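Please consider the model shown below. The paragraphs that follow lead through its confidence, its covalent cross-link and several points of the backbone.

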Amino acid sequence: MPFRLLRPALAAAALLVAMPTAASAAGAALRAPADGVVTGATALTVHVRTEPTEIVDRIEVSLRRSSGELDGFQRHLLCDDRDVCSRTEADYTLDFDPRTGAPFVAGSRTLPNGAYVLRVHVERPVDPAAATLDLPLTLSAPPSAPADLTAEVDGDEVTLSWRRAPEPDVSGHLVELLADDGWQLIAELPPEATSVTDRPGRGHRAYRVVTLRPDGRGATYETASPELSVAVGATSDGPDVEADEAARADDDTDGVDHGAGSVAGSGGAPAGDRPVARAPRIGGEAPIPALSGTARSEAGTPAPDADDLGPEDAGVPTTTADGDVVFAAPDGSPLAAGSQGAPSGSTPRLLGGALLIALALAAWRWNRQPARR
């Protein structure tokens, strides 16, 4: 080629390279959701723009995995009217549900979470091959809760059963028991598990089962079933669980141990903490500690009231050789007046008797004096 023709040829080649091709004339963007993350059934809004001189016969969209998987997916029509499809800019909306795959899956199939591509197909009569524009889309829907959670109780054993969530990418299950400080993990099971057996101890218990599913962005979703309450340890010929729980609740309320350590007659109080009973005051003296609750119960009879004691319990008045009046106990031993052996309720009667005896002795002595003279 002559040198004078080389420069125009190079300029034409550069211009040809710089010119946009028919396939790159169209553009697309995802308006909703703006972040490209789908967490449930939603409306996808695709914005398509074309060149003013372009003629577009048809616009479709399809969904595929970023890894290239296309099996089972189909195209969804957005526009097939040339006048409408050839608009410079237009928004197209479609309803998308990752739980059924609609409108991209024939029939119904729950789609796994992860990275997808929403591909826009723009067909033009001048170009048999449709222009394709890929828009990134992430599915990140939470899993369904385990369904039909039931419990079968056999003595101290509880067998939980459930129907697993329908999502294909469930990664496992957690079984949790309600404790004082919240839900406590008792088992971590694989995705195919549908039952577990536990021995939680007697009483009323509450369980729940949690479905685990990757969220498609590096984390994990957890969806819990409603809690299920069961009574463990109740049998037709065994102790009543509710009564046993009520007794334990009463122990916790009053702070007293009502178990085997309590002593008969103590009113449920531990032996070391029982209050000391006091006997009635006798003769104005300080009170005497009574027997403990247990000892009182074994003795069978509490200390008698002072007003119930008769004269025979107070001793017998006796005059000594010096003319002094003393009281003798029924067994003959001396008993000082005002001591604990003489009940205060009998003192007036005893003093009256002693006074009468003293007057009688004085009269007797008076009567003997003339005889002496």
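A residue is called exposed when its relative accessible area is over 50%, buried when that area is under 20%, and partly exposed in between. Aspartate 148 has a relative accessible area of 53% and therefore counts as exposed. This residue belongs to strand E9, which covers residues 147-154. Its backbone also deserves attention: aspartate 148 is not a glycine, yet its phi is positive, at about 55°.

The model is a predicted one, and its confidence should be kept in mind when any region is read. Across the protein chain the mean pLDDT is 73, with 60% of the residues at 70 or more.

The angle about the S-S bond is -115°, and the link between cysteine 79 and cysteine 85 is left-handed. Are these cysteines buried or exposed? Cysteine 79 has a relative accessible area of 5%, so this residue is buried. Cysteine 85 is buried as well, with a value of 1%.

Because its relative accessible area is 19%, arginine 65 falls in the buried class, for which the cut-off is under 20%. Which residues does arginine 65 contact, once its neighbours within four places in sequence are left aside? They are Pro112, Asn113, Ala115 and Tyr116.

Two cis peptide bonds complete the account of the backbone. One leads from alanine 32 to proline 33, with omega near -5°. Proline 33 is located in the loop that connects strand E1 (27-32) with strand E2 (37-38). The other joins alanine 102 to proline 103, where omega is about 5°. Proline 103 also has its place in a loop, between strand E6 (89-96) and strand E7 (114-124).

Terms used
Residues numbered from 1 in each chain as written. Predicted model: local features only at pLDDT ≥ 70, side-chain atom pairs only at ≥ 80, totals over all residues. Heavy atoms only, no water. pLDDT = per-residue confidence, 0-100. Disulfide = S-S within 2.5 Å. Buried < 20%, exposed > 50% of the residue type's maximum accessible area, 1.4 Å probe, protein only. Contact = heavy atoms within 4.5 Å. Helix = DSSP H or I, 4+ residues; strand = E, 2+ residues; numbered from the N terminus.
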